[in-house]
Amino acid sequence: MKTRALPLYATIAIFIVAYAICWLQFPAMLSTRVVGNLLTDNAYLGIVAVGMTLVILSGGIDLSVGSVIAFSGMFIAVMLRDTGLHPLPVFLLLLALTSGFGAAMGWLIDRLAMPAFIVTLAGMFLARGAAYMLTIESVPIQHPFYKALQSAYWLMPGKGRLTLIGGLMVLVVLAGMVLAHKTRFGTSLYALGGGEQTARLMGVRQGRTTILVYALSGLLAGLAGIVFSVYTGSGYPLSAVGTELTAIAAVVIGGTLLSGGAGYVFGTLIGVLTMGLIQTYIVFDGSLSSWWTKIVIGLLLLLFILLQKGLLKLSQSRLAGGGT
Amino acid sequence: MLLTIRNLTKSFPGMRALDAVDFDLAAGEVHALLGENGAGKSTLIKCLTGAYRRDAGRIALEGAEITPHSTVEAQDLGIGTVYQEVNLLPNLTVAQNLMFGREPRRFGLIDGRAMRAEARAMLADYGIEIDVDRDLGSYSVAIRQIIAIARAVALSGKVLILDEPTASLDAREVGMVFEVVRRLRDRGLGIIFVSHFLDQVFDLCDRITVLRNGRRIVTERIADLDRVKLIEHMLGRALEDEVEHRATRVPRARPDLLHFEGVGRRGMVEPFDLTVGKGEVVGLAGLLGSGRTETAELMFGLHPAQGGQVRDADGPLALTSPRAAIAAGFGFAPEDRKTDGIVAELSIRENIALALQARRGWARPIPRTEQNRMADDYIRQLDIRTSGREKPIGELSGGNQQKAVLARWLAMNPRFLILDEPTRGIDVGAHAEILRLIRRLTAEGMSVLVVSSELDELIAVSDRVIVLRDRRHVAELQGTRISPETIMRAIAGEVA
Ligand SMILES: Nc1ncnc2c1ncn2[C@@H]1O[C@H](COP(=O)(O)OP(=O)(O)OP(=O)(O)O)[C@@H](O)[C@H]1O
Ligand SMILES: [Mg+2]
């Protein structure tokens, strides 16, 4: 067995055990209804977490995504209210905007050799500020096309609803998996995360890869913003505060190394679903405070960081044992 | 000419690494690039492959001027390179490393099966059969080195550059690599070969170019040069009298310093007994994978031993961790200094003071003047080529980095020092210097364990040689019985 896949297996095992526990207590939780809700409720988080995974794999971080989601919601709401455009061209415009924003951050990170943390932190303030510039109150979205988007679903066996946004999230995860594991771009990301200097000597196009991955993260943040606006039916400049941190948590719980170079996009999906599951459990229970979600997520994070440390030790000692 | 370089010049802040260097490479030749540590060999190569931008000069490939801006461009031009520093990624699989940038694709997506098959075929040429789907990081330094070579060979349509490719390989593996290189030469490739192993140079190469202080000193056909002359060109002076072999002397009775009894660990090395005398040099010989490095690591507590005990005159020692070993007065300069040894951003001074500071504890800093004195001392003794002690160690040439890491452990002044391949990547001049230094330290009472794949070096420096085979200590040679023949025979299993 490959040691680097261990965190992924651990994540999957934890998810299955957690689900089993939930099911023993509340048999109703084992239904496509709950699964459908899990996907819908976490659609925007899942989408943005896929982008985050790619960025983290490359050895970077993107703190701007939460603010970009808020900006996206505001942008859509204000555009639809003030211009009378159809949502589709607005979506396209928005995605171009957020991708460009990400690409610009990637460019700064690469060309000026600035730490990603600082550049995307600045991006976070910038995007949040831009959201406030549009207006400071919540703007409802009432376009009929939105109604259609919100009510589109596919009825799964067992009466569960796979909504449009839930399905979109699954598609994004699949696309992310293909991109990470089946393309040269994906291999370049792992290479950069494994060591920039070495990657450069091996022939990784560092500038292009860096710009592209932040552009992609921006694109997915924009897409998550669209999904979030469909989910909430409005735009609000204070929404999605801290989403970037939740996404990072999902990535780490999904078994990706925070320092880059190792991990799986699929793990991130499981990470997102695990977090969603805890929330669902608390809703089912009814008596627990929702803050328990945070506490359990905190514990899980700790567990995974310990697990990764342990694995690192293990693989190092095995390496030494197999040496000269 | 396949490749012509004229007036190549490259400066780093405060120094000129290459000064109007000319170099020619013909198709179908192996051209050695030689020189002391810091002479500019790696810099020349990096200017050629686009890893550095040249300041001035002309590089032409098949008559057309080239100016690669990145290593990718050089690869696309048919120049494949093994760089002196690590140039593979431990977190990718073997197959990904081998095929990076040339992955076979189907419908635009990487075809994993074809990629693995091709990777296996590439390695078959070098006689290694491994699981190409495992992370590169799980393989030994030697295997990684071969993989790096295989990758460069596959990328080189016209020119293959090998910057010290054989540093961590044993004789058999070197033979395989050379066979491949000769095959490529016969196919009409031009090959640039950098090495400090002169035997290998004379064995493989057709012509030699010597650099010294960034200038080209000479280019000659190998048939027109002998060893002494070559070394003179490299050092700019004759090599002082070769280090006298100490084994020719009668073994001396010494007080015992350490007893290792029944120390071993499953999968690493079988339990062994070993007594190290005060002021003695014990050499460990054996093929790659015979358990040499493992023995050294067990002795230093890098892995806990299963059973057995270690004693000194005052009683048993608990060597459960490197920390404990350091506290007991042990020192260990590991084999893989390239990746484990240096903190690239810190200065030479800080790198040298690192281990000593760790032992004293961070609460008691070493006074700056003391650090300066120490650094200057070792820069002089080991002939570390640098513009000063405050230079970041990452900016030194490969061989000079090695020397600085060695200095770190010498500065600890341990009573028992374990050196795994102490002269790897170090030039002939400094090589003799280091052996002399070991000699002096032992005269002052330090005991040393040397692991080396160079028999000459082992013989020159050891009072006693332990031979390992298949993870077992199989023979112990002393005094006049130490010779290349006896060691080879013991390795081959002819004497017990
Ligand atoms: N990135 C850098 N920054 C500053 N100085 C450098 C850099 N790279 C090399 N140098 C300097 O250039 C000189 C030549 O180094 P180079 O690596 O070419 O030597 P080399 O001949 O390959 O030696 P070795 O045998 O030790 O590998 C050295 O003095 C080194 O300190
Ligand atoms: Mg070099």
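Mentor: Start at ligand 1. A backbone N or O atom of B:E395 lies 2.8 Å from an oxygen atom of ligand 1. The model is predicted.

Trainee: What makes the B:E395 pair a polar contact?

Mentor: The cut-off is 3.5 Å between N or O atoms. B:E395 and ligand 1 supply such a pair at 2.8 Å, so the pair counts as a polar contact.

Trainee: How far from an oxygen atom of ligand 1 are the backbone N or O atoms of B:A39 and B:G399?

Mentor: For B:A39 the distance is 3.2 Å. For B:G399 it is 2.6 Å. Both values are within 3.5 Å, so both pairs count as well.

Trainee: How much of the accessible area of ligand 1 does the protein cover?

Mentor: On its own, ligand 1 has 640 Å² of accessible area, and the protein covers 91% of that. Strand 2 (15-25), helix 1 and helix 14 (398-411) of chain B each give two or more residues to the shell. There are 22 residues around ligand 1, and B:K41, B:S42, B:T43, B:S397 and B:G399 come nearest.

Trainee: Which atoms coordinate the magnesium ion, ligand 2?

Mentor: B:S42 (OG) and B:Q84 (OE1), at 1.9 to 2.0 Å. The donor limit is 2.8 Å, so both atoms qualify. B:S42 lies in helix 1 (residues 41-49) of chain B, and B:Q84 in the loop between strand 6 (79-82) and helix 3 (94-99), so the pair ties together parts 42 residues apart in sequence.

Trainee: How do you know whether B:S42 and B:Q84 are buried or exposed?

Mentor: Buried means under 20% relative accessible area. B:S42 has 18%, so it counts as buried. B:Q84 has 11%, so it is buried too.

Trainee: Now chain A. Which residues make the nonpolar surface patch?

Mentor: A:Y132, A:I136, A:Y236, A:L238 and A:V241 make it, over about 480 Å². A:L238 sits in the loop between strand 4 (234-235) and helix 12 (243-253).

Notes
Residues numbered from 1 in each chain as written. Chains lettered and ligands numbered in written order. Predicted model: local features only at pLDDT ≥ 70, side-chain atom pairs only at ≥ 80, totals over all residues. Heavy atoms only, no water. Patch = residues over 30% accessible without salt bridge, like charges linked within 9 Å, V, L, I, M, F, W, Y side chains within 5 Å. Areas by Shrake-Rupley, 256 points an atom, 1.4 Å probe, with all protein chains shown as cover. Salt bridge = Lys/Arg side-chain N within 4 Å of Asp/Glu carboxyl O. Helix = DSSP H or I, 4+ residues; strand = E, 2+ residues; numbered from the N terminus. Donors = N, O, S within 2.8 Å, 3.2 Å for Na, K, Ca; no water. Buried < 20%, exposed > 50% of the residue type's maximum accessible area, 1.4 Å probe, protein only. Near = heavy atom within 4 Å. Polar contact = N/O pair within 3.5 Å; in protein donor to acceptor, adjacent residues only side chain to side chain.
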